[in-house]
Amino acid sequence: MEDGIFCANFGHSILGFGKCQQTWHAKCYECLGKKTQLEFPMKVMEDEEGNPWYKQSEREDRINYGIAGAHVVMPFQCECCWMKVLEGRTPQVGDELLVACIRRVNLDAMTGKSKDTISQHVGRIKRVLKFNKKYRKTPSFAPRGPLPSKDLIGMGTALDMIIYSLESSGTNEWFVQFNTLRQVRSTATKNYDSSPQGVLEGNCFSRGTGKVRITECPTQSEFFGDFLNGLEYRMGVTSKANLPVSIRVIVELLKRIQDDASGMVDSTEADQLYKFGAFVAMCTACSLRGCEGFLADLSGLMYNIKKGENGKIPDDLKEEFDEDVAESLPHVVITLLGRVKSETGEDTHQIGVANTTRSGIEVRWWIEKLVEVSRREGRRSGPAFATPEGKLISSAEFNAIFRRYLEEIQAETTLIEDKIVVKEAFGISRTLRKTAEARATRAGISPKVQDKMNRWKSIENADGKQPRFIMRDLYAGVLGQMPTTWRYSYAL
């Protein structure tokens, strides 16, 4: 029994149907994709030149074939039995696609466990049974079946995920990514939690975000966890994250924007470029993601614009300095208003950064230009990066400008390699922050300071800051952070 794969209901009758007789040799329990013309998504591992990984064939075998003895360590049911449980019938003509999907779920669940681990468990069972026979002892292992005649392990939701992967197309590949499929499970879990049964299970053992509770939710079963592991192994994760550029590219980009805007007859187009230049300078100096940059608050920028305007850098500036020294440094206060990732509510955040970085990014000049343009448009509050009517500018619009200038720089200079596809490699979402991180590393900024800067909200004063607080109450906190924020931005 341990050498093949047996349905847990083997020899048993469930829901009034005949006894199950389903068993397989491991190599005979194979994916049914080819037979049903279903192309289950699978990541093909390749080297830089597009050649298949030398272990790709071995990897595909693990994905597409069963593992001997897997039924002794997982609640394995054959496709026929699952059809009885889920649909109340044995497989009929026309059920071939659904049967193939059930097979795929079972195989993914097997893949989610280590083949060596399964083999070791099977080996121990064989030895224990051998010893039991010698000593005439009744084996202590739990019976393998029959299993309950309902879906307690999430097969239904697993099938929803498999079918979703077959019927949807992706962005980076022809198929959707694993992280997208996980959202189906998240929705199913939330649906269960809000059901009558889920409400009865609502009590937990702790408070706060790390809650623990007992649940019968099928998508929280060990089988479903193995299925997720196997699904991720099969599909892989394809990510086309934004790449950084050199700080020289940012300096060149801002120079070109400044030149173009100053020479334009149409003030509206020029103002749009000035806003974009301010966005680039601000996000780079503050090491912000693009979505965080759009939280810039115009009222806060205007209120603080004079602070640090005429500061000077002392010759003996120490690594750590107090608020009095911070206030005397040349700096500009960046104000953000809104919800930052991982927070539970909207907040006001202020960051004090250098007026001009070592590489020549004139942060203050660009922020002052942004304020000037906004005043000319008659705006005094709301999002800083907005249209003359006060509507938040779309990230797609800034992305288009960003990539257009990067393509110009690539075509006319040697700052960006020719082989790089700008539209695929760069974007305001992450490129500016990654550029700042790379520059800070080369400038010798310690990992500790970088970590603090990239999580600046976590080093603010413990006192909760709400949007209703007046700006002058927040400035003391800005000065306290500047040994991190000012030093980091100045090094860029």
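Let's start in a loop. Glutamine 37 sits between α1 (33-36) and α2 (56-64). This is a predicted model, so keep that in mind throughout. Glutamine 37 has a positive phi of about 60°, and it is not a glycine. Most residues other than glycine have a negative phi. Buried or exposed, then, for glutamine 37? Exposed, with a relative accessible area of 74%.

Now a second residue with that kind of backbone. Serine 287 is not a glycine either, yet its phi is positive, about 55°. Its place is the loop between α11 and α12 (290-293). Serine 287 is buried, because its relative accessible area is 1% and the cut-off for buried is under 20%.

One more backbone item. Which residues does a cis peptide bond join? Glycine 145 and proline 146, with omega at about 0°. Most peptide bonds are trans. Proline 146 belongs to the loop between α5 (115-135) and α6.

On to confidence. Mean pLDDT for the protein is 86. Of its residues, 90% reach 70 or more. Which helix scores highest? That is α3, at a mean of 96. Confidence is lowest in helix α19, residues 447-454, at a mean of 76. Two stretches need care. Over residues 342-346, pLDDT stays under 50, and the model has eleven contacts there beyond four places in sequence. Over residues 456-473, pLDDT also stays under 50. For residues 456-473 the model has 41 contacts beyond four places in sequence.

Back to α3, residues 79-87. Its buried residues are Glu79, Cys81, Trp82, Met83, Lys84 and Val85. What do they pack against? Three elements: β2 (23-24), α4 (96-111) and α6 (155-167). Just after α3 comes glycine 88, with a positive phi of about 70°.

Next, helix α11, residues 267-286. Take threonine 284, which is found in this helix. Threonine 284 is buried, with a relative accessible area of 0%. Which residues does threonine 284 touch, leaving aside neighbours within four places in sequence? The contacts are Ile247, Ile250, Ile361, Leu432, Ala436 and Leu492. Look at leucine 432 in that set. Threonine 284 and leucine 432 are 148 residues apart in sequence. In space, C-alpha to C-alpha, they are 5.1 Å apart.

Last topic: how α11 packs with helix α15, residues 363-376. The angle is about 140°, and the axes are 8 Å apart. Why call α11 oblique to α15? Because angles have to be over 145 degrees to count as roughly antiparallel, and 65 to 115 to count as roughly perpendicular. So α11 is oblique to α15. The crossing of α11 past α15 is left-handed.

Who meets whom? From α11 come Asp271, Leu273, Tyr274, Lys275, Gly277, Ala278, Ala281, Met282 and Ala285. From α15 come Val363, Trp365, Trp366, Ile367, Lys369, Leu370, Val373 and Arg376. By class, that contact has twelve nonpolar, one polar and four charged residues.

To recap. Glutamine 37 is exposed, whereas serine 287 is buried. Both have a positive phi, about 60° for glutamine 37 and about 55° for serine 287. Confidence is highest in α3. And α11 carries threonine 284, with a relative accessible area of 0%.

Technical notes:
Residues numbered from 1 in each chain as written. Predicted model: local features only at pLDDT ≥ 70, side-chain atom pairs only at ≥ 80, totals over all residues. Heavy atoms only, no water. Buried < 20%, exposed > 50% of the residue type's maximum accessible area, 1.4 Å probe, protein only. Helix = DSSP H or I, 4+ residues; strand = E, 2+ residues; numbered from the N terminus. Contact = heavy atoms within 4.5 Å. Axes fitted to C-alpha atoms, helices over the stretch in contact; angles between N-to-C directions. Parallel < 35°, antiparallel > 145°, perpendicular 65-115°, else oblique. Left-handed = near helix turned anticlockwise from the far one by under 90°. Nonpolar A, V, L, I, M, F, W, Y, C, P; charged D, E, K, R; others polar. pLDDT = per-residue confidence, 0-100.
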